[in-house]
Amino acid sequence: MRLLLIGAPGSGKGTQAQRLAERFGIAHISSGDLLRQHVRDQTALGRTIKSYVEAGDLVPDAVVMDMLRKPTVAATENGGYVLDGFPRTVDQAQAVFPTARALGVEVQAAIHLDVPREELVRRLLARQRGSDDTEAVIEHRLQVYLDKTVPLLEYYAGREWMFTVDGSQPPDAVHAEILSRLKKLADFALLLGTGGPARSGLTGGGGTRSSLAPVRPGWR
């Protein structure tokens with residue numbers, strides 16, 4: 001099982017990713033956590049990452065992809081993964097797909113956590129991590145998500161199995177809905193005679209579009 005979580009800052013991706021990982025006995029791979037860990041451990045990759053961060057630049061896609069290669073391959077060999085934090089743009093998704101497919105580690109299903117904008121702002125203000133987390137900064141982060149990441153919803157809906165869950169619900173309810181949707185996808189794969197998500201790859205980039213939910217968030 002290879003899952004991707006897509007959601008705005010404050011949508012609960014980290015919480016749900018961890019719960020799914022524990023539920024299915026698969027790895028939770030967070031690109032942000034991995035970046036920070038490499039910097040803390042002062043690895044060669046971490047020193048490269050730090051140089052970009054200190055210069056105020058974004059870490060290049062190629063560096064992030066290189067960082068994710070080993071953990072995603074290892075996770076796939078051990079049952080699967082749930083990924084959050086990457087890809088963030090269609091360009092990133094398109095760049096990583098050929099390599100991921102060649103390695104047999106491509107995403108099987110994308111899960112979109114949809115939360116109203118006002119609720120996202122409330123959550124992010126409540127969990128402020130620093131003096132820079134002002135409402136203006138938060139609004140900017142959400143606008144970047146809308147401009148850069150939301151197009152991923154159309155991208156994945158057109159090639160993988162993708163569904164949207166109401167992320168404004170309590171965490172237990174969100175988790176239960178995700179599990180219910182995954183079961184429906186697995187049952188549908190069985191009806192198609194593909195042997196279920198673990199064996200079929202849930203189309204693995206083959207082009208069956210999920211029609212289980214809209215692909216655009218409601219807070220545009």
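Predicted model: local features only at pLDDT ≥ 70, side-chain atom pairs only at ≥ 80, totals over all residues.
Modeller: Quick ground rules: residues are numbered from 1 along each chain as its sequence is written. Local features need pLDDT of at least 70, side-chain atom pairs count only at pLDDT 80 or more, totals for chains, interfaces and linings use all residues, and side-chain values use heavy atoms, with hydrogens and water left out.

Biologist: Where does helix 4 kink?

Modeller: Helices here are DSSP runs of H or I, at least four residues, and strands are runs of E, at least two, numbered from the N terminus. Helix 4 covers residues 61–77. The bend is the angle between axes fitted to the seven residues ending at a residue and the seven starting there. A kink of about 30° comes shortly before the proline Pro71, at Arg69.

Biologist: Which residues of helix 4 are buried?

Modeller: Buried means under 20% relative accessible area, with a 1.4 Å probe and protein chains only. Their cover includes strand 2, helix 2, helix 3 and strand 3. The buried ones are Val63, Val64, Met67, Leu68, Thr72 and Ala75.

Biologist: Why is strand 4 largely enclosed by the rest of the structure?

Modeller: In a regular strand, side chains alternate between the two faces of the sheet. Ala109, Ile111 and Leu113 point one way, Ala110, His112 and Asp114 the other, and all are buried. Strand 4 is largely enclosed because its buried residues number 6 of the 6.

Biologist: In strand 5, what is the bridge partner of Ile111?

Modeller: Two strands pair if DSSP finds at least two bridges between them. Strand 4 and strand 5 pair in the parallel sense over 6 bridges. The partner of Ile111 there is Phe163.

Terms used. Expected span 1.5 Å × (residues − 1). Buried < 20%, exposed > 50% of the residue type's maximum accessible area, 1.4 Å probe, protein only. Contact = heavy atoms within 4.5 Å.
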